[in-house]
Amino acid sequence: MSDTALDLNLIPYLVAMEDTRNVSRAAEQLGVSQPRVSTALGRLREYFDDPLFVRTSKGMEPTPRALAILPAARDALLRIEKGMLDVQEFHPATSTHTFSIALSDVGEIVFLPRLLQLFAARAPHANLRSVSLSPSQVERGLESGDVDLAVGYFPDLSGNNFFQQRLFTHRFICLMRTGHPLSGAPLTLPQYVASGHAVVRAEGRSQEVLEQFLAKKRIKRRAVLETPHFMSLPFILARTDLLATVPHAIGFAYVSEHASITLVEPPLPLPRFDLRQHWHRKFHNDPRGTWLRGVVAELFNDALDEWPK
């Protein structure tokens, strides 16, 4: 035998010759030209230092050497074919995987409660991990597989390496304390501009939509408070006369839990923004990721959006 490694691409030619005992029919079976089969057979003969197939009155007959190696050749082809065609399956009922989802704090309020309810019913042994990352970290996490899905407003994830699916559209709404001097009547634009505001500068990108819109309209608010967190807003607004303009899902969530604050419609039509789920193309066909994306799309869409319009 040759000292060089066997070219595994030659194995199908060896098996086809055994099946057909004819160079022309072997070429037809493989879908290649007859000279290509002859060349492959020549390389096999050189490697094994054996004619492998010889012409007889019955056609091309395998030599003892060929008969000895053919079972291993067939087994190798079957293993390769089975390994390539077997579909990896995911069974949510028995999975213990921890799914990592990139969410903002607003996203946690919108998505996590219903996701956890569904996981308890369909994937009771699986776990959820919410991560809050910068845009560049989200991109790297999706690429490496450390993050399974990014759900919310992620305008930076728009390159060719990412898939996305729109879930639903959200808007902005204003919050103030119950009994605020401006409550009880529609809020006007002069009142909005003259008021002090609590402005959230969070990792989530949805607030940028609002800030860019106000800048374009040349509407300047007095940011009495700037904070990176939404979670403290109910407590701050309840003790001050500040206004806050927030994604409406978090506004309705806060009002349902805090009687000390109330909702007010903005004094002008503010932009809306789409919430989407994003994933890396490397994991597009991964059964585990496919299941998770299907669950998210099932729970969150225009028809089932639980937040008041």
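Is Phe 163 buried, exposed or partly exposed, and what is its relative accessible area? Phe 163 is partly exposed, at a relative accessible area of 31%, where buried means under 20%, exposed over 50% and partly exposed in between (1.4 Å probe, protein chains only). The views below show a predicted model, in which local features need pLDDT of at least 70 and side-chain atom pairs count only at pLDDT 80 or more, while totals for chains, interfaces and linings use all residues. Residues are numbered from 1 along each chain as its sequence is written, and side-chain values use heavy atoms, with hydrogens and water left out.

**View 1. Phe 163 and Trp 279 form a stacked aromatic pair.** Rings of Phe, Tyr and Trp (its six-membered ring) pair if their centres lie within 6.5 Å, and planes under 30 degrees apart count as stacked, over 60 as edge-to-face and the rest as tilted; by this rule the count comes to 12 aromatic pairs. In the pair of Phe 163 and Trp 279, the distance is 5.9 Å centre to centre, with 20° between the planes. Phe 163 belongs to strand β6 (residues 162-170) and Trp 279 to strand β12 (residues 273-280), so the pair ties together parts that are 116 residues apart in sequence; helices (H or I, at least four residues) and strands (E, at least two) are DSSP runs, numbered from the N terminus. Trp 279 counts as buried, at 8% relative accessibility.

**View 2. Phe 90, Phe 99, Phe 119 and Trp 291 form one aromatic cluster.** Within this group, the ring centres of Phe 90 and Phe 99 are 6.1 Å apart and their planes stand at 90°, so the pair is edge-to-face. Both Phe 90 and Phe 99 are buried.

**View 3. The largest nonpolar core has 57 residues.** Such a core is a set of buried Ala, Val, Leu, Ile, Met, Phe, Trp, Tyr and Cys residues joined through side-chain atoms within 4.5 Å, and those with the most contacts inside this one are Phe 111, Leu 115, Phe 119 and Trp 291. Helix α5 (residues 105-122) gives the most to this core, with seven residues. Domain 2 (92-169 + 273-299) and domain 3 (172-264) both give residues to the core, so it lies between them; the domain bounds come from an automatic or database domain assignment. Apart from neighbours within four places in sequence, Phe 111 has contacts (heavy atoms within 4.5 Å) with residues including Leu 103, Val 151, Leu 275 and Phe 300.
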